[in-house]
Structure formats: C-alpha cells, structure tokens
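Reader: I have a new protein model to read. Please walk me through it, one question at a time.

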Amino acid sequence: MVVGKANLVTYKGPTMIASTLHAISIFLKQAKDWDWFINLSASDYPLMSQDDLLHIFSYLPRDLNFLEHTSNIGWKEYQRARPIIIDPGLYHSKKSGVFWAKEKRVMPASFKLFMGSAWVVLTKSFLEFCVWGWDNLPRTLLMYYTNVLSSPEGYFHTVICNHKDYQNTTVNHDLHYIRWDNPPKQHPITLTVEHFNDMVNSGAPFARKFAKDDPVLNKIDKELLKRLDGQFTPGGWCVGNSASVKDPCVVYGSPNSIKPTINSRRLEKLIVKLLDFENFRSKQCK
C-alpha cells in the first residue's frame, strides 16, 4: 500500500512522528494480518531477504519490541528535552525549518524520558495501544513530544518504558548496522565497501546510511540478496521459470511461501545473543 499524497515532513520536527503514526493507523485499519511494524528511510538497505527475516521472526514471541533506548540521555537533556520548538509543518502548507522558543522547560516529573535510535521494530499490540488511545499515556506524551526536537528518537521509547504492560517487552537493539564517528557527529558515517564485512558480521537485517548508487549496494545485491540488476530479491513466492521470463519473481505464488537462505543464521545468532538472560532483562528500560 502506498500513501498517494505524502505528508509534509520537517527535518527534526514532530511531523516525522506524525507521519509514522499516520502510516501505522492505515495498517491497523486496512491490513489486518501483521505482527510487527518496521520503519525505514531511503538511506536504509537490507542485508538479507524478506524470507530470511520472516523465517527468524516466525519463531519469536509476538510481544517483543526492538528499539534501542536509555534513560541516561546526557547532552540530549539540554539540546533536545529542555528546548521548546514549533514545527511549522503541522500548520503550514510550505516547508521550512523548526522555530525555536526563547524559553526552556523543566524536566517532566510525571514520567521518565527515554531516548535512542529512531529506527524501530514494534509490535502490533503496542502500536494499537499508542494509536487507539484507551490510555492517556500515549496521548499525553504525544502532546509533550510535539514541541521536542527529533521526537522519533524518544516518543515510542518513552511510551513503552513508562507503562507496566510494555516495559518488559523491550529488546535494546534497533536491528540496524550503523557506524558513528568518535565522538558521534550529527549524522552516522556513510557506509562503503570497506564496511561490508562488519555489516555482514553484525547479523543485523538492515544497515544505514548509504549514498545513492554507492558500489557497496551492488555488492550487497550480488553477495547477500542474490538480486540481479532491475529484478526483485528472490524469495519462496517467486515461481516463474528463469528460462521463459527475465525475472522469475514477475510470476508469484503464495506470499506465505518462505525460502530462507544461509544468511538467516546471522540474524538468528544476533537474536539469540540479544535474548540471552544477561543481555535481555538487564537492558530493559534502564
């Protein structure tokens, strides 16, 4: 499903989280049979096929939420949490940057702020809690984050860690391979061929960020996805005959037909490590 008319999004503004919640609402209303929501950007790229991802996730409990998070927000308290911003994209039809208020606000006392990666894998049940609104917490935090810089790096994290029904469902990882400078700059390092082996060894199903048409994307297509130029990534649903059609995936069968590759073992190894008792419980909403 494609949203025909894109929403106006302001960089670092709450329109980013508004668009994400809009997409989730459409899924909840129109796509009944799903378990997890994955948000990606145009700078992301998969490191394994859909079948590999589906194969491993089919063995997981349906209540696990993958999001990197911490309450030790450090410098973000003074550069993200305390400043007050207004996103003109919520009110105007023309795009511009966020507006900054002169005043600063105190840290909230009724809930604890958590921040982390904007890239998440969230369960349907948790997102129903966020969208349907039978509890005041998601709505209260949405109003709070309407005036917070880079709200996608904190909204879901703060909601999930401030509610007793969901704080024990978190896995502290965003399932991405992302490389940062030391100390970190505003944006992560743009990945190239020299990072290929580290990407593979990470076990993550996704990586970011990539430059457009970088040679490493062709290497990923060829060696990991087995995808030829201009064709789909092969999966169990591809039933065409390569002798009669250029791309076997042009002819498709059941979407429930899964044909994982050896690459799925990398994700399996990562998941086992993340769900190890010492890693799992000790890193939940701390």
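Reader: How many helices and strands does the protein have?

Author: This is a predicted model, where local features need pLDDT of at least 70, side-chain atom pairs count only at pLDDT 80 or more, and totals for chains, interfaces and linings use all residues. Residues are numbered from 1 along each chain as its sequence is written, and side-chain values use heavy atoms, with hydrogens and water left out. Helices (H or I, at least four residues) and strands (E, at least two) are DSSP runs, numbered from the N terminus. The secondary structure comes to 10 helices and 11 strands.

Reader: Why is the protein said to be as compact as a globular protein of its length?

Author: The radius of gyration is taken over C-alpha atoms, and the globule rule is 2.2 Å times the number of residues to the power 0.38. For 286 residues the rule gives 19 Å, and the protein is close to that, so it is as compact as a globular protein of that length, with a radius of gyration of 20 Å.

Reader: Which residues touch the most other members of the largest nonpolar core?

Author: A nonpolar core is a set of buried Ala, Val, Leu, Ile, Met, Phe, Trp, Tyr and Cys residues joined through side-chain atoms within 4.5 Å. Buried means under 20% relative accessible area, exposed over 50%, partly exposed in between (1.4 Å probe, protein chains only). The core has 31 residues, and those touching the most other members are Phe126, Leu127, Tyr155 and Phe156.

Reader: Which element gives the most to this core?

Author: Elements that give two or more residues are α1 (15-30), α4 (124-132), α5 (136-145) and α6 (155-161). With 5 residues, the top contributor is α6.

Reader: What is Tyr155 in contact with, leaving aside its neighbours within four places in sequence?

Author: Contact means heavy atoms within 4.5 Å. With those neighbours set aside, the partners of Tyr155 are Ile17, Leu21, Cys130, Pro138, Leu141, Leu142 and Tyr145.

Reader: Is Met16 buried or partly exposed?

Author: Met16 sits in helix α1. Leaving aside neighbours within four places in sequence, Met16 is in contact with Val9, Thr10, Tyr11 and Pro152. Its relative accessible area is 31%, so Met16 is partly exposed.

Reader: Is Ser49 buried or exposed?

Author: Ser49 is found in the loop between β2 (45-46) and α2 (50-57). Leaving aside neighbours within four places in sequence, Ser49 is in contact with Leu225, Thr233 and Pro234. At a relative accessible area of 7%, Ser49 is buried.

Reader: What is the phi of Ser150?

Author: Ser150 lies in the loop between α5 and α6. With 8% relative accessibility, Ser150 counts as buried. Ser150 is not a glycine, yet its phi is positive, at about 55°.

Reader: Which residues are the closest to the centre of the second largest pocket?

Author: On a 1 Å grid over the protein atoms alone, a pocket is an open set of points where a 1.4 Å probe fits, with protein on both sides within 12 Å along at least five of seven lines, and lining residues have an atom within 4 Å of a point. The second largest pocket has a volume of about 410 Å³, a volume being the space filled by probe spheres set on the points, which are joined across faces, edges and corners. Of its 19 lining residues, the closest to the centre are His173, Ser202, Leu270, Lys273 and Leu274.
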